[in-house]
Amino acid sequence: MLGKMKKRIMLKPAQVEEFVNAATKCDFDVDVYYNRYVVDAKSILGVFGLDLTKPLTVEYSGSNEQFEHYLKGLAIAG
């Protein structure tokens, strides 16, 4: 069993639908949060409700190579 993985990303509004689609293909929970707000990454309305001008943290506890590769493209240092 993998521990919780955390990745810091920046997401533009135009990327939200693609991000949600990538998260939906995972057979494990994927959460996105900024400060105290936590939303299901598989919810397009939830993700749009976050402040997309700020770095977000994606947290998940599973393995999906395609999703990991997708997140690398959105990753920021830190």
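Modeller: One cut-off before we start: buried means under 20% relative accessible area, exposed over 50%, and partly exposed in between (1.4 Å probe, protein chains only). The model is predicted, so local features need pLDDT of at least 70 and side-chain atom pairs 80 or more, while totals for chains, interfaces and linings use all residues. Numbering runs from 1 along each chain as its sequence is written, and side-chain values use heavy atoms, without hydrogens or water.

Biologist: Fine. What order do the strands take in the sheet?

Modeller: β1-β4-β2-β3. The sheet is open, with 4 strands and antiparallel pairing. Strands (E, at least two residues) and helices (H or I, at least four) are DSSP runs, numbered from the N terminus. Two strands pair if DSSP finds at least two bridges between them.

Biologist: Which strands stand at the edges?

Modeller: β1 (5–9) and β3 (37–40). Each has a single partner strand, so one side of each is left without a neighbour in the sheet.

Biologist: And β4, how many bridges does it make with β1?

Modeller: 5 bridges, in the antiparallel sense. β4 covers residues 56–60. K7 has V58 as its bridge partner there, and R8 stands opposite T57.

Biologist: What about β2 and β4?

Modeller: Antiparallel again, over 4 bridges. β2 runs over residues 30–34. V32 is bridged to V58 in β4.

Biologist: How many residues of β4 are buried?

Modeller: 5 of the 5, so β4 is largely enclosed by the rest of the structure. Both faces are covered. L56, V58 and Y60 are buried on one side, T57 and E59 on the other.

Biologist: New topic. How many salt bridges are there?

Modeller: 3 in the structure. The test is a side-chain nitrogen of Lys or Arg within 4 Å of a carboxyl oxygen of Asp or Glu. Take E59 and K4, with their closest N and O atoms 4.0 Å apart. E59 is in strand β4 and K4 in the segment before β1, so the pair ties together parts 55 residues apart in sequence.

Biologist: Is E59 buried or exposed? And K4, buried or exposed?

Modeller: E59 counts as buried, at 15% relative accessibility. K4 is exposed, at 55%.

Biologist: What does E59 do with K6?

Modeller: Their side chains meet in a salt bridge too, 3.6 Å from N to O. That pair links E59 in β4 with K6 in β1, 53 residues apart. K6 counts as exposed, at 53% relative accessibility. K4, K6 and E59 are linked in a network of salt bridges.

Biologist: Which residue does K7 meet in a salt bridge?

Modeller: E68, at 3.8 Å from N to O. K7 lies in strand β1 and E68 in helix α3, so the pair ties together parts 61 residues apart in sequence.

Biologist: Loops now. Where is L11?

Modeller: In the loop between β1 and α1 (16–24). L11 counts as buried, at 2% relative accessibility. L11 and L56 are 45 residues apart in sequence, but 7.7 Å apart in space, C-alpha to C-alpha.

Biologist: And where is N64?

Modeller: In the loop between β4 and α3 (65–74). N64 is buried, at 15% relative accessibility.

Biologist: Last one. Which helix holds I44?

Modeller: α2, residues 44–48. I44 is partly exposed, with a relative accessible area of 35%. I44 and F19 are 25 residues apart in sequence and 8.8 Å apart in space, C-alpha to C-alpha.
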